Amino acid sequence: MSSAGTRSSPSVRSQISIDASAASPAVAAPPVIRPSAGRWRNDTDLEKQVELQRSQANNLRSTVLLTYGAVGVALGDLGTSPIYTLSSVFRAPPSEDEVLGAMSIIFWAMTLILLVKYQLIVLNADDHGEGGTFALYSLLCRFIGINPGLKGKPTADDLSLLRYSTSRGQYARQGIAAGPAPKKTLLRRMGTGDTIAPALRKLFRSSRVAQTLLLLLVLMMTAMVIGDGVLTPAQTVLGAFGAISVKAPSFPQSSIAGISMGVLALLFAVQPLGSQYLGDVYAPILLLWFLLQIVVGIHNIAVFAPWIGKAINPYYLYRFFTSGVSADLAWRSTATIFLCITGAEASYADMGHFTRKSIRIAFVGILYPSVMISYFGQSAWLIKNPGSYATSFFASIPWGHGFFYFYFVVTVLAACVASQTMISAAYSIVRQSMALRCFPRMKVIHTSTKVAGQIWIPAVTVFIGAFTIAAVGIFQNSIALGFSYGVCVSTLMMGTDLLIALTMIVVWELPLICPILFLLFFGFIDSIFWTANLTKIPLGGWFAVAVAASVCLFSYIWFLGTSLKRQYAVEHEENYSDVMSPRSQPAQLAPALSTIYQNVQAGYDLTRLPGLGLFYSEQNDERHCPTVLAKFVRRLNALPELSAIVTVRSVPVSSVSPQERLLLRDVPNCPGVVQCIVRYGYQDKVSQGDTFLAALLKEVDRQGALDINSLCQDRVMYVILSSKLSGDRRGNPTVASVLKAGFVNWVYAPLAQILSISVSENWDLPQDRTLQMGVSLAI
């Protein structure tokens with residue numbers, strides 16, 4: 001053992017010795033406090049708070065404000081796509097049919113993929129208001145009833161508490177999500193609830209391979225978001241500064257890249273302000289941007305090609321792929337046309353920062369019509385001016401130099417706003433990864449008291465910022481970046497198709513024909529874009545793929561390591577009876593530390609130390625003794641007179657009232673040992689100081705038998721467990737055991753050593769009263 005504060009044994013021994021000598025051997029132990037065994041005390045259902053919070057977020061005022069913010073954050077990437085999409089499609093002056101064909105693809109891609117697929121279908125798949133890949137994964141795991149980190153078997157405390165309340169545990173035991181059974185709509189009456197859904201749940205619960213494949217798909221998709229995420233800010237900002245080359249062709253491209261890098265550095269520097277504040281600041285910029293797109297688009301349509309609306313006819317889309325003129329160009333061109341919808345996944349991941357309703361209103365009411373008018377106007381201008389295809393967006397700006405420079409400034413600001421979409425999405429994804437133990441614990445700062453998903457993660461800001469600026473330095477211009485952009489997002493969309501189809505079966509329990517038609521229709525469209533984008537890999541797509549592969553590998557390594565630790569804990573669980581029953585009779589208080597070691601050597605009954613011991617553990621069920629308490633008892637043959645096994649939990653509400661923070665119950669047949677769940681909302685600061693102690697002791701000591709002030713001052717011991725995973729190749733090694741040991745010793749253990757974060761520092765544990773017990777887990 002070592003002290004968390006001094007990391008030395010003598011300070012620990014002196015602390016225990018002083019506490020032990022504070023009482024005489026003749027002093028009787030205080031009355032044993034026994035909350036009702038087997039039941040949690042103060043188990044108020046926090047679902048009411050969740051529903052209240054959701055109703056507040058969905059009222060008229062909140063919806064208007066969140067819609068305003070969503071315009072500035074969630075939809076920025078989609079809103080600025082006209083800057084670089086059409087100018088990246090053609091490699092030579094296009095014909096009228098080619099422009100109409102490209103415009104037809106843009107129209108139907110935005111309508112079918114963005115409006116129908118994402119706004120009407122995908123946004124419905126949320127996990128407590130959170131969107132994105134990991135939200136889908138979490139939703140599926142809860143409805144299937146699996147926990148891949150423990151061979152598919154949820155832990156006992158997950159079954160009883162299930163994220164934030166115990167009142168819905170029966171649904172988890174049935175393999176169904178927390179919450180009431182779905183309403184039997186007409187589609188669900190025709191659905192898979194009694195046939196395919198249970199069979200599919202059973203398959204995932206019983207098959208480790210199926211669970212691993214699902215996890216690998218999710219990790220790959222998450223990494224793809226971050227992989228293309230480092231290119232989104234670079235692409236939009238570089239594309240905006242491309243206007244300089246329109247008015248000053250001799251201006252060095254390296255200087256444009258340098259200016260862009262400076263703007264990006266400033267963008268990442270303001271992230272601590274939070275999504276809500278940035279959304280409020282950014283929203284007026286994007287609203288002005290959308291207004292300018294409408295005005296300029298209508299002008300270009302009226303002046304150059306009033307008949308451009310005929311591009312919505314799918315015939316032109318067909319001709320784009322089949323005509324002899326554009327046959328060679330068509331396939332590769334779809335990879336650049338795909339840039340008009342690359343922000344779809346980011347807006348879905350940003351749902352936790354806002355609400356489903358606010359994103360839908362912002363998209364349908366503002367973004368879709370304005371961006372569509374902008375594309376039609378740009379296409380109308382391009383038909384009459386095909387020679388300026390490479391700079392079509394800025395070259396199509398009318399009304400002289402003054403308006404051009406005004407539009408240029410607004411465009412640069414809008415590009416900075418668009419970058420926020422992917423940055424905010426990355427925060428949400430990483431936080432969800434941390435919750436599912438696929439990422440190490442990082443510092444997460446909540447920037448809103450109303451919306452749980454509005455967060456800032458400093459480490460993610462540094463990572464994405466560094467790679468984004470590096471991308472600008474490598475590619476130098478938006479045309480080159482266009483070749484590297486889209487590979488990961490198109491792969492991500494294919495994965496989303498698979499997960500949504502699975503959600504339709506096991507969560508929504510729709511008729512089997514629904515996921516089949518969904519995959520056939522949207523899977524076919526997405527596969528066209530995906531295969532076209534794969535051709536970009538040698539041209540620059542390797543950069544995003546390399547970043548995504550690194551993130552995916554890191555996430556899987558971390559998940560495997562933490563899963564091995566949790567699996568070890570489950571396989572080596574000890575029942576309380578095994579740890580405590582031979583020593584069930586309380587002994588007199590020991591007068592000195594030497595007596596403790598004499599008792600250990602002689603095998604006497606447990607020595608009861610005066611004071612309170614807080615043992616921190618993620619494991620907190622009735623039968624199994626947590627490792628931290630078992631190790632303490634085994635080493636010292638002693639136990640504090642009052643011992644509390646503390647588990648800290650986060651719940652999806654902004655703040656938990658003090659009356660509802662603690663859940664307590666007694667451990668059966670273990671006098672003086674209680675279990676405690678401490679619940680914190682996402683806005684609450686996790687603090688285990690004197691305020692928490694007083695609340696805990698007051699709840700435990702309803703009979704008034706303890707001296708709370710004395711305990712809080714100098715008779716409390718905080719015990720945390722620091723476990724180190726190591727590979728053991730002794731005995732009869734097999735190929736699998738040698739590979740596992742090598743992975744643990746040479747891959748996971750060094751990473752864990754570098755990225756470990758002290759619980760005592762995060763939770764305000766007093767350093768001079770904290771004991772950190774080290775344990776080596778030999779796998």
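## The chain as a whole

What you have here is a predicted model. The protein chain contains 35 helices and eleven strands. Of its 779 residues, 56% are buried.

The chain exposes about 30700 Å², and carbon and sulfur atoms supply 62% of that area. If you take the contacts between residues at least 6 apart in sequence, 82% of them join residues at least 24 apart.

## Helix 12 against helix 27

Let us start with helix 12, which covers residues 208-229, and helix 27, which covers residues 541-571. Their axes are 8 Å apart, and the two helices pack at an angle of about 140 degrees. Angles over 145 degrees would count as roughly antiparallel, so helix 12 and helix 27 are classed as oblique to each other. Their crossing is right-handed.

On the helix 12 side, the residues in contact are Thr212, Leu215, Leu216, Leu219, Met220, Ala223, Met224, Ile226, Gly227 and Asp228. They meet Ala544, Val547, Ala548, Val551, Cys552, Ser555, Tyr556 and Phe559 of helix 27. Sorted by class, this contact has 14 nonpolar, three polar and one charged residues.

Ala549 also belongs to helix 27. Along the chain, Ala549 and Met220 are 329 residues apart, yet their C-alpha atoms are separated by 7.7 Å.

## Helix 6 against helix 26

The next pair is helix 6 (residues 96-121) and helix 26 (residues 513-534), whose axes come within 12 Å and cross at roughly 135 degrees. That angle makes helix 6 oblique to helix 26. Here the crossing is left-handed.

Which residues make the contact between helix 6 and helix 26? Helix 6 contributes Ile105, Ala109, Leu112, Ile113, Val116, Lys117 and Ile121. Helix 26 contributes Phe518, Phe521, Phe522, Ile525, Asp526 and Phe529. By class, the contact has eleven nonpolar, no polar and two charged residues.

## Helix 11 against helix 25

Helix 11 spans residues 196-206 and helix 25 spans residues 487-506. Their axes come within 8 Å and cross at roughly 120 degrees. Angles from 65 to 115 degrees would count as roughly perpendicular, so this pair is described as oblique instead. The contact is made by Ile196, Ala197, Leu200, Arg201 and Phe204 of helix 11, together with Leu502, Ile505 and Val506 of helix 25. By class, the contact of helix 11 with helix 25 has seven nonpolar, no polar and one charged residues.

With 5% relative accessibility, Ala501 counts as buried. Leaving aside residues up to four places away in sequence, Ala501 touches Pro515 and Leu519. Ala501 and Pro515 are 14 residues apart in sequence, and their C-alpha atoms are 4.7 Å apart in space.

Glu509 sits in the loop between helix 25 and helix 26. Its phi is near 55 degrees, which is a positive value in a residue other than glycine. Why does Glu509 count as buried? Its relative accessibility is 12%, and the cut-off for buried is under 20%.

## Two more residues to look up

Trp399 is in the loop between helix 21 (392-395) and helix 22 (400-435). Trp399 has a phi near 70 degrees, a positive value in a residue other than glycine.

Thr336 is found in helix 18, which runs over residues 327-337. At 5% relative accessibility, Thr336 counts as buried. What does Thr336 touch, not counting residues up to four places away in sequence? Its partners are Thr85, Ser88, Val89, Arg91 and Lys536.

Notes:
Residues numbered from 1 in each chain as written. Predicted model: local features only at pLDDT ≥ 70, side-chain atom pairs only at ≥ 80, totals over all residues. Heavy atoms only, no water. Axes fitted to C-alpha atoms, helices over the stretch in contact; angles between N-to-C directions. Helix = DSSP H or I, 4+ residues; strand = E, 2+ residues; numbered from the N terminus. Parallel < 35°, antiparallel > 145°, perpendicular 65-115°, else oblique. Left-handed = near helix turned anticlockwise from the far one by under 90°. Contact = heavy atoms within 4.5 Å. Nonpolar A, V, L, I, M, F, W, Y, C, P; charged D, E, K, R; others polar. Buried < 20%, exposed > 50% of the residue type's maximum accessible area, 1.4 Å probe, protein only. Areas by Shrake-Rupley, 256 points an atom, 1.4 Å probe, with all protein chains shown as cover.
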